[in-house]
Amino acid sequence: MTAAATGVGSLPGGDAREAAKTATGSFEDFPYLPELPARGPGADMIGRSLGLLVDMYAHVEPSGWRISDRPGRDSKRARSWLGEDLDALEEFTQGYEGRLKVQAVGPWTLATALELHGGEAVLQDAGACRDLAGSLAEGLREHLADVRKRIPGAEIVLQLDEPSLTAVLLGRVRSASKYRTYRAVDRQVVEGALRELFAVHDGEVVVHSCAPEVPFGLLRRAGATGVSFDFSLLTEREDDAVGEAVEGGTKLFVGVVPGTDAPLSDPAGSVMGVRKLWRRLGLAPGTLAESVVVTPACGLAGASPAYARAAQAHCVKAARSLADNPE
């Protein structure tokens with residue numbers, strides 16, 4: 001079995017066709033729908049996900065995205081760019097059959113990034129958090145149906161980006177004034193909202209975070225089939241949680257290739273740490289290829305176009321090395 005490789009989400013530049021060509025060309029067996037934040041607000045991961053919301057709107061203020069009473073130019077632009085990106089992906093996936101990844105921001109990171117009318121984050125208001133999660137669920141249902149219609153042979157993998165999840169759980173999200181932090185959200189509330197959102201998709205659901213201290217256990221209990229993370233931030237303290245996740249069938253999307261321009265080692269060297277982790281956990285080397293997907297550490301929006309292409313090709317070679325030499 002060949003270990004899989006895919007991208008995280010963002011790419012440099014602003015050309016949808018070029019991005020789709022890169023994402024499908026680099027990852028012939030596991031392409032993804034690219035995001036191009038360089039185009040401006042609405043093309044970034046937060047703006048794109050706010051554009052998916054149903055009966056809930058947002059616009060850009062100098063401080064960031066804020067709730068609106070009606071759809072405006074910013075949310076329309078986000079939808080328009082998403083349409084353009086889907087058109088380009090559809091063009092480069094004619095007849096494609098296999099796994100295809102689409103990304104959206106999860107409800108908790110969205111709640112830290114979206115402001116209420118008064119300027120505080122949605123995170124401060126439990127009712128607003130519930131409304132946001134419900135609106136996102138509806139929007140994702142429509143989005144996934146659209147992708148299925150455009151690329152009927154695709155087995156869709158839904159990735160939810162939750163880089164702020166740990167900060168939400170630990171009460172580390174700063175208020176609008178920056179002088180205080182919002183109260184930590186109860187773990188059961190967080191888990192329940194994620195479980196309801198994961199239920200909109202009957203296929204694979206992966207949660208991505210490139211922050212430290214990813215809550216593997218909580219994500220697994222909520223029903224995530226995979227966890228995507230920056231491998232360099234993993235510590236031995238998390239060994240038990242990672243081991244339990246793998247033994248429970250959770251896939252690890254390991255970010256082993258830097259997200260910004262850096263010298264690339266040999267592909268086998270990039271996944272050496274993954275092999276060591278397997279030995280440390282006492283897992284059978286033969287399970288590596290089926291349990292691990294190799295990715296960049298984070299999105300590639302901050303990289304040069306040449307490096308982004310090289311990094312993605314490197315992920316594919318590293319995955320092959322893991323499958324060929326798991327020991």
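# Close-up views of a predicted model

**View 1. Asp 146 and Arg 150 sit 4 residues apart in helix α5, which is about one turn of the helix.** Their side chains meet in a salt bridge, with N and O 3.2 Å apart. A salt bridge here is a side-chain nitrogen of Lys or Arg within 4 Å of a carboxyl oxygen of Asp or Glu. Side chains of opposite charge can pair when their charged atoms come close. Asp 146 is partly exposed, at 23% relative accessibility. For these labels, buried means under 20% relative accessible area, exposed means over 50%, and partly exposed lies in between (1.4 Å probe, protein chains only). Helices (H or I, at least four residues) and strands (E, at least two) are DSSP runs, numbered from the N terminus.

A word on reading these legends: this is a predicted model, where local features need pLDDT of at least 70 and side-chain atom pairs count only at pLDDT 80 or more, while totals for chains, interfaces and linings use all residues. Residues are numbered from 1 along each chain as its sequence is written, and side-chain values use heavy atoms, with hydrogens and water left out.

View 2. Are the two partners buried or exposed? Asp 74 is buried, with a relative accessible area of 8%, while Arg 77 is partly exposed at 29%.

**View 3. Glu 120 and Arg 180 make a salt bridge between distant parts of the chain.** The closest N and O atoms of this pair are 3.8 Å apart. Glu 120 belongs to the loop between β5 (114-115) and α5 (126-150), and Arg 180 to the loop between α6 (165-170) and α7 (187-198), 60 residues apart. Arg 180 is partly exposed, with a relative accessible area of 39%. Elsewhere, Arg 39, Arg 48, Glu 84 and Asp 85 are linked in a network of salt bridges. In total, the structure holds 17 salt bridges.

**View 4. Seven strands line up in an open sheet with parallel pairing.** Follow the 7 strands in the order β1-β10-β9-β8-β7-β6-β4. Two strands pair if DSSP finds at least two bridges between them. At the edges stand β1 (4-5) and β4 (98-105), each with a single partner strand, so one side of each has no neighbour in the sheet. Look also for β7 (residues 205-209) and β8 (residues 226-230), which run parallel and are joined by 4 bridges. His 208 has Ser 228 in β8 as its bridge partner. Helix α13 (residues 305-324) lies across β1, β9 (251-257) and β10 (292-296), running at about 160° to β10. That angle is taken between N-to-C directions, on a scale from 0 to 180 degrees, using axes fitted as lines to C-alpha atoms, for helices over the stretch in contact.

**View 5. A second open sheet has 3 strands and mixed pairing.** Its order is β2-β3-β5. The edge strands, β2 (57-61) and β5, each pair on one side only. Strand β3 (residues 64-68) pairs with β5 in the parallel sense over 2 bridges, and the bridge partner of Trp 65 in β5 is Leu 114.

**View 6. Helix α9 has a buried face and exposed residues turned away from it.** In α9 (residues 239-247), the buried residues are Asp 239, Val 242, Gly 243, Ala 245 and Val 246. Seen down the helix axis, they fall within an arc of 160°, so they line one face of α9. The arc is that of the directions from the helix axis to the C-beta atoms. These buried residues pack against α8 (216-222), β9, α11 (272-281) and α12 (288-291), where contact means heavy atoms within 4.5 Å. Asp 240 and Glu 247 are exposed on the face turned away from the buried side. Just after α9, Gly 249 takes a positive phi of about 95°.

**View 7. Cys 210 and Cys 298 are joined by a disulfide.** The S to S distance is 2.4 Å, and a disulfide is a pair of cysteine sulfur atoms within 2.5 Å. By this rule the count comes to 1. Cys 210 lies in the loop between β7 and α8 and Cys 298 in the loop between β10 and α13, so the pair ties together parts that are 88 residues apart in sequence. Cys 210 is partly exposed at 26% relative accessible area, as is Cys 298 at 25%. Cys 315 is in no disulfide, and its nearest cysteine sulfur, that of Cys 298, is 12 Å away. Cys 315 is buried, with a relative accessible area of 0%.
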